[in-house]
Structures are given as C-alpha cells and as structure tokens.
Amino acid sequence: MAISDSQNILSLLKVYYKDGVQNLMFRNSPVLRKLNKVRVEGKSANFSAMYGRGGAVSAKFTQAKSVAAQTSRNAEFAVTPGQIFSVYMINAKEVQASKTNRGAYMKIAGAQMFAAAEALRKTLAAALYGRGYGELCAWGDTTSLTAGTDGTITLPESAIMKIDVGSVLCLKTSVSASSYTTVLTVKEINGSTVTFTPDTSVTPSASDVLCLHGSVDANGNPLLPMGLGGWLPVVASRTSATWNTYIATPFYGVNRSIAADRLAGAFYKAASSETKLSAVQNLLMKVRRQGSTADMIVLNDVDWLDLSKLIQTTNTYFTQTSDKGKKTAVAGFSDIKFSMSTSWVENVYDDPYCEEGKFFILDTGAVEFWSYPNV
C-alpha cells in the first residue's frame, strides 16, 4: 500500500537505496578449494607411475632370471593443458557512472569481474568431475525439439549447479561425440526445471548427453581441464565393449587397459539393494587393499544427507540437558568419518557439483590442480 494518497506528498519523499549487492548464486566447490594448486610450465607436465612389480620371482633361480628383464613396470603420463575463458566487458561511461555509491550499488567493473570469476570457479568445478567434454548429465527425454521454440527439461541438481540463465549448452549422442545435434540457450531456471531455446529441430534420445557448448575443438577433442571423470573413469560401469574400447585408448600417452584398476583407479559398483554406506565402506576396502593412503571422500550433498539419515536410524542419541533443565536436540551431523581397519578418513566433503550417486575416495597427496597462470 502507498504511504499517502497524495501525489504531492509522494513527490517529496525519496527512494532509499541500500549500498552493496547481495550474492544469490550457488555455493562454490569445497573440494576445488581444498586441492593443492601447483604452477607448471612447458608443453606437458609429465609424471611416472609404477603399476607392476613383474614376475621375476620363483623358487627356481633360472625361472626368475628368465623374466627379469622387466621387473619394474612403469607408465609415464604426459599431461597436456585444458583451458577455460571467462570474459567480461565494460566501457568508459559505465566506469564513470559507477565511480561512487551515489551513482551505483557497486562499481560496475567490480560487479562484472566478480560475475566472471564466479563463472570461472563454477565451470572449473564442473570440469573437476568430468572428462574435459563439458558433460553435465544424460538428457533423459525423447520429446522433439523445434528450432526457436522454448522447451523445458528437468535436470539433476548437480547439473543445475553448473549452468545459469544465459548458459549455452549442446546435445550430443555421447560424451565423446565429435559433433552435436543442437545448441540450447538457457532462458529460465526454476528449481530443477530449465527452460531453453534450441537452435535446430531435433528428436533426441534419452541417452543423449547435455554438455557445455564450446568444450571441444574442431576435431571433437576435449578442451576443458581433465577431471576425475577421466582419471578415475566409470564408463559403462567398467563392463562391456564400450569400456574395453575406452580404457584401451591412450590417455595422456598411456594405455591403461594393461592394469585398469591401478592406472585408472579402483572401482566399485554397489548392488541394487546395497546402501550407500555399505558402498563407501566396500570401496574403502578396495583402495586400502591397493595400498592407498586415502584421506578424502567426496560425494554429492544429497548423498551426504542420505548417509546422515541412514546413520541416524541405526544409532541411538541422547539430548543435551542444561543445568536449568532445558533440553537441546540436534538433528543431522556436522561431520561424517569412515574407517576400515587402520585406514581412517576424516575428511568427507559434500560437493553439490559431484554427480549424485557417485563417490570418490582420494589421496590429497596425489590429487593436485595444475595451472599455468596465477592460481
């Protein structure tokens, strides 16, 4: 309702403006913040990994000697860089119009730079869990799309975190496909429902993959930094001919099919009736068996909540009582830790950029973020 019905009175009143701009964007990745950042140079950053001890051991000396030529088995990875560009533009009039709080809520140059930096952080978080193709999620719908006509799609929360109004996406038949079927411009985001406009008419398959547009070169090679999806792949749940073809393809110069669980990390797929808690414990057992000193577990925040609820249903808790007889109950957990014999993982991060239903057990001494410029 108006303060007064008199226009003369209203004309005497000013509009009060609160200085500063509120940030309503999603949180950033806690895992990306945690990882050690390392400056590198050159055309590639190489490292060697020992994946085998050979078979030169036997109760017979002659037998051991006969295969002793290749005792230590090593693979050298030659890591080449990915890239991300986040751009903002300002002109002289915008700078002058926002020099002080009298003319703007904040300086336009500062707002533009902050928005560009946030876009870079969130796209880096998307790349952290991908294979460099800008993959977001499976499309999951077969409704025909008409060029220039708005459509809607429901996306998982982990994909919503990685896009924004104005994002330009594309549909591909597979993550590594060299071409796309249509380009989609995001118009609205309402919860998990995204409104978009396609540039061409197409009837997608449910298995088509939604990607960030501009994530591959002219030959279909990935351009984004290589993430955990490439280093610790779960292509086709590591079964079938699709997996065999993928793992045999050189990865930074290494054919990982010779020892996939060592060169591509341990993998565990939970049974349909298995709890997420059991799945994490089983994978922790596998990485312990492989000699890992893992100290970090990463999972989606939805999975964190599921684990928290599961733990609560299997344990009994007591409320705190103050000296005045007041009782305080706390629902949920601030920390979740895992152990397997003497392996103890106390750093468990809920990262909304991690795909729901997927867990990573990592050794922070072995996982780093390599960068050319000032990190």
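Which residue lies over the face of Phe251? In this predicted model, Arg256 takes that place, at 3.8 Å from the centre of the Phe251 ring.

The chain contains eleven helices and 17 strands. Its C-alpha trace spans about 105 × 70 × 45 Å along the principal axes. Of the 375 residues in the chain, 34% are buried. Contacts between residues at least 6 apart in sequence were examined, and 72% of them join residues at least 24 apart. Charged side chains number 36 positive and 30 negative, and 7 Å separates the centres of the two sets.

Aromatic rings were then considered. Across the whole structure, the search finds twelve aromatic pairs. One of them joins Phe77 and Trp231, whose ring centres are 5.6 Å apart. The planes of these two rings meet at 50°, and the pair is therefore tilted, since stacked pairs have planes under 30 degrees apart and edge-to-face pairs have planes over 60 degrees apart. Phe77 belongs to strand β3 (residues 73–79), whereas Trp231 belongs to helix α7 (residues 228–231), so the pair ties together parts that lie 154 residues apart in sequence. Phe77 has a relative accessible area of 3% and is buried; Trp231, at 22% relative accessibility, counts as partly exposed, because the cut-off for a buried residue is under 20%.

The pair is part of a wider arrangement. Ring pairs link Phe77 and Trp231 with Phe47, Phe251, Tyr252 and Trp370 in a cluster. Phe251, a member of this cluster, is the residue whose ring face lies under Arg256.

A further site was examined at Ser215. This residue is found in the loop between β9 (209–212) and α7, and α7 is the helix that holds Trp231. Ser215 is buried, with a relative accessible area of 3%. Gly134 is 81 residues away from Ser215 along the chain, yet the C-alpha atoms of these two residues are separated by 5.5 Å. With neighbours within four places in sequence left aside, the contacts of Ser215 include Gly132, Tyr133 and Gly134. Asn221, Pro222, Leu223 and Leu224 are also among the residues in contact with Ser215.

Note on methods. Residues numbered from 1 in each chain as written. Predicted model: local features only at pLDDT ≥ 70, side-chain atom pairs only at ≥ 80, totals over all residues. Heavy atoms only, no water. Phe/Tyr/Trp six-rings, centres within 6.5 Å; stacked < 30°, edge-to-face > 60°. Helix = DSSP H or I, 4+ residues; strand = E, 2+ residues; numbered from the N terminus. Buried < 20%, exposed > 50% of the residue type's maximum accessible area, 1.4 Å probe, protein only. Lys NZ or Arg CZ within 6 Å of the ring centre and 35° of its normal. Contact = heavy atoms within 4.5 Å. Lys, Arg positive; Asp, Glu negative; His and termini not counted. Charge placed at Lys NZ, Arg CZ, Asp CG, Glu CD.
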